[in-house]
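Please keep the sequence and the coordinates in view while reading.

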Amino acid sequence: MKRIFKNCTVVHAAANLLGEGPVWNEETSCLFWVDIEARVLHEISWPQKKVRTWKMPQPAGMVALQEQGYAIVALQEGIVRINTNSGNISGLVEVERQLQ
């Protein structure tokens with residue numbers, strides 16, 4: 001098998017249980033991703049390599065960026081909006097319980 005990447009460097013040893021859904025924020029030069037099993041949202045800034053982590057109330061499956069300072073996170077039982085400056089989480093949509 002041919003290697004595609006020759007000069008790769010680990011910038012953060014996250015030790016995720018199940019890290020998924022990387023999203024790059026061009027405006028802030030930050031990478032967001034979720035660890036589904038650990039129930040967390042991560043952000044690493046570039047080139048500072050400063051990592052911030054927010055605990056989610058349920059397993060998180062994906063993240064989408066909103067205006068600066070906000071992200072949308074899909075959880076097991078709904079969708080929430082997180083203020084990445086304060087850490088405040090507000091519910092947007094709850095999954096219908098009868099569908100689970």
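In which loop is the place of Pro47? Pro47 sits in the loop between strand S3 (40-45) and strand S4 (51-55), where strands, like helices, are DSSP runs numbered from the N terminus (E, at least two residues, for strands; H or I, at least four, for helices). The model is a predicted one, in which local features need pLDDT of at least 70 and side-chain atom pairs count only at pLDDT 80 or more, whereas totals for chains, interfaces and linings use all residues. Residues are numbered from 1 along each chain as its sequence is written, and side-chain values use heavy atoms, with hydrogens and water left out.

**Backbone in the loops**

The peptide bond from Trp46 to Pro47 is cis, its omega being near 10°. The loop between S3 and S4 also holds Lys49, a residue other than glycine whose phi is positive, near 65°. Arg39, in the loop between S2 and S3, likewise has a positive phi, near 60°. Most residues other than glycine have a negative phi, and most peptide bonds are trans.

| Residue | Relative accessible area | Class |
|---|---|---|
| Arg39 | 34% | partly exposed |
| Lys49 | 41% | partly exposed |
| Arg52 | 26% | partly exposed |
| Glu43 | 7% | buried |
| Asn25 | 14% | buried |

Four strands form an open sheet in the order S5-S6-S7-S8, with antiparallel pairing, two strands being paired if DSSP finds at least two bridges between them. S5 and strand S8 (89-94) are at the edges with a single partner strand each, so one side of each is left without a neighbour in the sheet. S5 and S6 pair in the antiparallel sense over five bridges, and Ala60 stands opposite Leu75 in S6.

With neighbours within four places in sequence left aside, Val73 is in contact (heavy atoms within 4.5 Å) with residues including Leu41, Met56, Ala60, Val63 and Ile82.

**Charged and polar pairs**

A salt bridge is taken as a side-chain nitrogen of Lys or Arg within 4 Å of a carboxyl oxygen of Asp or Glu, and the count by this rule is two. In one of them the side chains of Arg52 and Glu43 meet at 2.6 Å, N to O. Arg81 and Glu67 also meet through their side chains in a salt bridge at 2.6 Å, N to O. Because Arg81 lies in strand S7 and Glu67 in the loop between S5 and S6, the pair ties together parts that are 14 residues apart in sequence.

Asn25, in strand S1 (residues 19-25), has a polar atom of its side chain 3.0 Å from the backbone nitrogen of Glu27. Apart from neighbours within four places in sequence, Asn25 is in contact with Cys30, Phe32 and Leu65.

Notes:
Buried means under 20% relative accessible area, exposed over 50%, partly exposed in between (1.4 Å probe, protein chains only). A polar contact is a pair of N or O atoms within 3.5 Å; within protein, one must be able to donate a hydrogen and the other to accept it, and residues adjacent in sequence count only if both atoms are side-chain atoms.
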